[in-house]
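Here are my notes for you to read alongside the structure. Keep the 3D view open and look up each piece as you get to it.

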Number of protein chains: 2
Amino acid sequence: MKTGTASFPLGTLALDRNAPESLGTQLYFALRGAILQGTLRPGIRLPASRTLARDIGISRNPVIAAYEQLQAEGYIQGRVGAGSFVSAQLPEHLLQAPTPTTVAAQRRRPPRLSRRGGTMAALRRSYPTGRTAFAPGLPDLAAFPFDLWSRLLARHWRRPTTDMLFNADPAGYRPLRQAIATYLGAARAVRCHADQIVIVSGSQQAIDLIARLLIDPDDRVWLEDPGYLGTRGALLGAGATLVPVPIDDEGMDVAAGRRAAPRARLACVCPSHQYPLGVTMSLSRRLALLEWAHQAQAFILEDDYDSEYRYAGRPLTSLQGLDTQARVIYVGTMSKVMFPGLRLGYLVLPEDLIDPIRALRTHIDGHPSTLAQAALTEFIANGHFAGHIRRMRTLYEARQQILLDHAPSLAAHFTLEPAAAGMHLVAALPPGANDLAICERARQAGIILGPLSRFYHGQPHRQGLLLGYAGFTPHEIRGGLARLQTILATD
Amino acid sequence: MKTGTASFPLGTLALDRNAPESLGTQLYFALRGAILQGTLRPGIRLPASRTLARDIGISRNPVIAAYEQLQAEGYIQGRVGAGSFVSAQLPEHLLQAPTPTTVAAQRRRPPRLSRRGGTMAALRRSYPTGRTAFAPGLPDLAAFPFDLWSRLLARHWRRPTTDMLFNADPAGYRPLRQAIATYLGAARAVRCHADQIVIVSGSQQAIDLIARLLIDPDDRVWLEDPGYLGTRGALLGAGATLVPVPIDDEGMDVAAGRRAAPRARLACVCPSHQYPLGVTMSLSRRLALLEWAHQAQAFILEDDYDSEYRYAGRPLTSLQGLDTQARVIYVGTMSKVMFPGLRLGYLVLPEDLIDPIRALRTHIDGHPSTLAQAALTEFIANGHFAGHIRRMRTLYEARQQILLDHAPSLAAHFTLEPAAAGMHLVAALPPGANDLAICERARQAGIILGPLSRFYHGQPHRQGLLLGYAGFTPHEIRGGLARLQTILATD
C-alpha cells in the first residue's frame, strides 16, 4: 500500500464563506469525498492543520474541526508526533464509490414496492383539487373565529399540562373525548361514553385503522357504489376484496349486498348523507343492515362525514344510536366543521374493539398530537363549535340556493335538484354525456368539478358533475356558472 | 295488526331536567325504545302532543320536537286530522330488539380481528411508562420556551395562510421541510433537498409507512437485536419475517445479517446511537451495510432518534450522507428535542420513493396536521430549536454525571459505564440476575426501569436495566437511586 504525503492539491479546495454549511463542514465533506473517491489513498498523510489552514487561507479552527470529525468517524487516524493519515482500514472495494448524483443515474429500475404499497400508490385521486369553484367539500373559513382559536392555543400552550406534553394515551386527550361524547349524544343520538372514543388524524385514518384491525387479505367488504374513494384506498391497502353495493333512493341496497357477499366482514356506509349522491338511508334499510351485521357477525363503518349541514327537516339520528348489537363503528371528522388542515377526527367503537385499537395504534403512530386537543376541548365546551356550525349551516343553505337560482341558465346541459343536506349538489347529465371530458375541459378553464363516474367502482351507471358550493362566495358561484356555461356551450 | 291508542303508560315516562340531553331528546329515545321493544306496536296512535305534554308535565315544544324526529326517521307517521301512529312499515322481526347494554351481554365471543390486527394488538409494550425516575426517553421540559412557543402558535393562527387551512400536501408544509433539510445538512450531514422530506406523526408513523410501502408478507427484514420494539410492531403489522441481527461493539453485525438473510428487503438500524445499548456503528460496518444494500437492492431505514444529544466527541454524521446509491431512508423525530406530545417527525426519502409515499399516504391519513408546522418552522429558522438542543445537551450531560457519581453505592448490584450520548444508561446485571423481576419490584416501589431482556427478539443474551436520566432533576435521580438500593438490597 502506498504511503506518503498528500498528492491531492488540497490548496485548491474551493470553500464558500457564504454557504449555509460552516467552513469546517465544507472541508470535512471535501476531504471525505476525496478519501471515498480514492483521490486520497489509504496511508496517505494529511498536511498539518496549521499548514492546510495557511494553504487554503482560512483559520486553523475549522481545519481542526474537520480533522476531528474525520478521525471520530474512522476516515483518518492520528499518530502522536506523526500527523494524520488516511485510514488503512477502509475497505478497498468501497473506495471510488460514485459521488451522489440523482437517483435516476443510480438506479436502472424503479424500486420494488410491496403489492399493497404498489396498489395504493397507483390509485388515482378522484379529481383535481384546488381552491376555486366548484371544488367539493371545502368549507368557508372567512367567518371562522381565528382570533379566538389563536387565543385558546396560546393560553393552553403558555402553561401546558403534563398530559399535553407527555400524553401517551393512544386514544387521545380524555377531556376532548368527553366533550365529543356529549356533543354526539345531543346532536347525533350517538350512544357512547368517552372511553369508546378514539381521536384520530381525520376520518381517513379512522377508516385505515379499522381496515387494518378487521380485514385480512381477501376478506369481503361492502361499500357504496358510487362511493367515497378514500374508503376504497384504505380497504385495498388492507387487502380487502371490494363488494360494490348499489345505491338507490333509500340508500345502500342491503338485499343486493346479501346476494353478492352474505358473509362479508364489514360494510362501509354514509347513512346520513351518502357520498356523492346525497341520499339518506331509510329506516327500513337501516334496520335491515343492522340485522345483516348481527347475523353475519360483521361490522358496519358509519361514516358521518358532513351530517352537521342539514337544511331541511331535522338531522337524522345516527345508525350507531340504533344499534343494539355493538356492530356499528361510527366515524366523524372535524375537517368540515373546523378546517381541513387540522386533520382531526374520531372513532366511536364498540366496547370490545377499544383495547385492540389502542394497542394497534401504538405500533402505527403512537397517539394523536396533543397540539390542538386542549384548545378544541374548550372550543367545544364553550359553545363556539356549535355556534360556528349554526352560522355555517345558514350560510351554506343560502349558497346552495344561489347555485339553484342560477342553474336554469344551464338547463340545456344538466338538471340540478335541491338537496336537504351537504356541501355540494350533483348535476345529472343527459345520457351519452361524458363527465370526465367535461371536468377536464373545465379544469383547463380554471373550474373544478367532480366527475360522478369516477366514484363508481365498476361500470358507471350515471354521468354527472359534483358542484361544491359551501366554500365559495355568491360572486364566485355566479362567475363559475357563467364560465361553465361557456364551456358546455362550445361542446 | 292491532290498532288503537297508546296503551303504554306514557304519563310515567321518567325525564330528567338535569341530564345533558334535552327533554325532547330524552322523549325521543324513550318513545323510540318503546317502539323498538314492541311496547308501542305498529299502528298504535300516540297521544296528541298537547295531551302528552300535560300528562308528563313538560312544555309542548319538546314533545313536538320528539314527534318530528320520530316522523323524520320513519318510526311514526302523521295523518292529517288523525294524529300520529307508530309506523306500520317497521319490520316485525326487528321489534323487540334488546335495549343496548354492555357489549359483554351482547357478544358471547370476542370479535374476530384480522391476523395482522391480532398480532399487533397482542404485542406487549416494552415496560411500564410514567413520569417518575428512571423512565427512559423522557426529555426535560422545565426550560422549554413555552411562552415563545405559545406566541408563535397564536401569531400564525390569528391570520392563517391558505396553506395552513386547506393544505392537502401529503408531504407537509413546504417551508418546514425546507427548514428541516437545512438543519439536517448542517447538523447531521444528511444530503437532501426539501422535496425528499415528508413530515409524519412521529418516527413510529415513519416506520409504519415505510413497512407498508416496501414489505410484503414474509419478506425478510433485518433488525437490531436487542432493538427498539416500536420497529418490531410496525414490521410485524406489515407481515414481515423478522431477522434479528446481533449488536456488538461496532453496532449491527452485518456479516451475521448476510448469513441469516442475504436477500432481505430492508434493514432497520440506529447507527448514531443504538437503542437500547448505545453503541455507535463503526465506519467499516456502515460501509459494509451500504454495500450489502446496494448488492441486494435492499433499503436501509436509519432511525436517528436522539443523535442531537452527544456529549463526548463530535456527533457522527448520518449513514444517509454516506450513501451514494439512494438506499438509505432517514427517520428523525421532534419528540426528543421538542416534546413527545407534539407527534412530529420526518422521513428523508430516496428520490424514487417520494411519489409512492405521497400517494400511499393519501389513503392512510391524508396529510399531516398543519397546526404545529408554521410555528415550528419559525422556531427552527430563528435558532430557538438549535438553542434549546444546546441547553438540553449541557443539562443532560450533567445529569448523566450525577447518575454516575452516585452509582458506586450500587456497585454490588450492577455496573454502570458512562455513555457518550443519549438520554439513558444501561446498568449491566451480573450473570443469573433477572431484570424483569427487578423492574417489577421497582415498579411496585414507584420506580420505572427498562428491562434490557425485553428488547431482545429471541433469547436475551444479557440482563440489564435501562436508567433514563434526561427528564429528572438531581434530587429525583438521587432519590431514585436510594430507593433502588433498598429494593436491590432486599433481594
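1. First, a word you'll need: two residues are in contact when they have heavy atoms within 4.5 Å. Keep in mind, too, that this is a predicted model.

2. On the chain A side, the contact is made by Phe146(A), Asp147(A), Trp149(A), Ser150(A), Leu153(A), Ala154(A), Trp157(A) and Arg158(A). Facing them in H6(B) are Phe146(B), Asp147(B), Trp149(B), Ser150(B), Leu153(B), Ala154(B), Trp157(B) and Arg158(B). Sort the residues of this contact by type and you get ten nonpolar, two polar and four charged.

3. How do the two helices lie? Two packed helices are described by the angle between their axes and the distance between the axes. For H6(A) and H6(B), both covering residues 146-158, the angle is about 170 degrees and the axes are 8 Å apart. Angles over 145 degrees count as roughly antiparallel, so that is what we call H6(A) and H6(B).

4. Next, look at the open eight-stranded sheet in chain A, with the order S5-S12-S11-S10-S9-S6-S7-S8 and mixed pairing. Strands S5 (197-200) and S8 (251-252) of chain A each have a single partner strand, so one side of each has no neighbour in the sheet. S5(A) runs antiparallel to S12(A) (residues 345-348), joined by four bridges; in one of them, Val200(A) partners Gly345(A). Helix H8 (residues 174-188) of chain A packs on this sheet, touching S5, S11 and S12 of chain A, with its direction at about 110 degrees to that of S5(A).

5. Chain A also has an open sheet of four strands, S13-S14-S16-S15, with antiparallel pairing. Its edges are S13 (415-416) and S15 (450-451) of chain A. S14(A) (residues 424-428) and S16(A) (residues 464-468) pair over five bridges, and Leu425(A) stands opposite Leu467(A). Helix H15 (residues 384-406) of chain A lies across S13, S14 and S16 of chain A, at about 20 degrees to S14(A).

Conventions:
Residues numbered from 1 in each chain as written. Chains lettered and ligands numbered in written order. Predicted model: local features only at pLDDT ≥ 70, side-chain atom pairs only at ≥ 80, totals over all residues. Heavy atoms only, no water. Axes fitted to C-alpha atoms, helices over the stretch in contact; angles between N-to-C directions. Helix = DSSP H or I, 4+ residues; strand = E, 2+ residues; numbered from the N terminus. Parallel < 35°, antiparallel > 145°, perpendicular 65-115°, else oblique. Nonpolar A, V, L, I, M, F, W, Y, C, P; charged D, E, K, R; others polar. Pairing = 2+ DSSP bridges.
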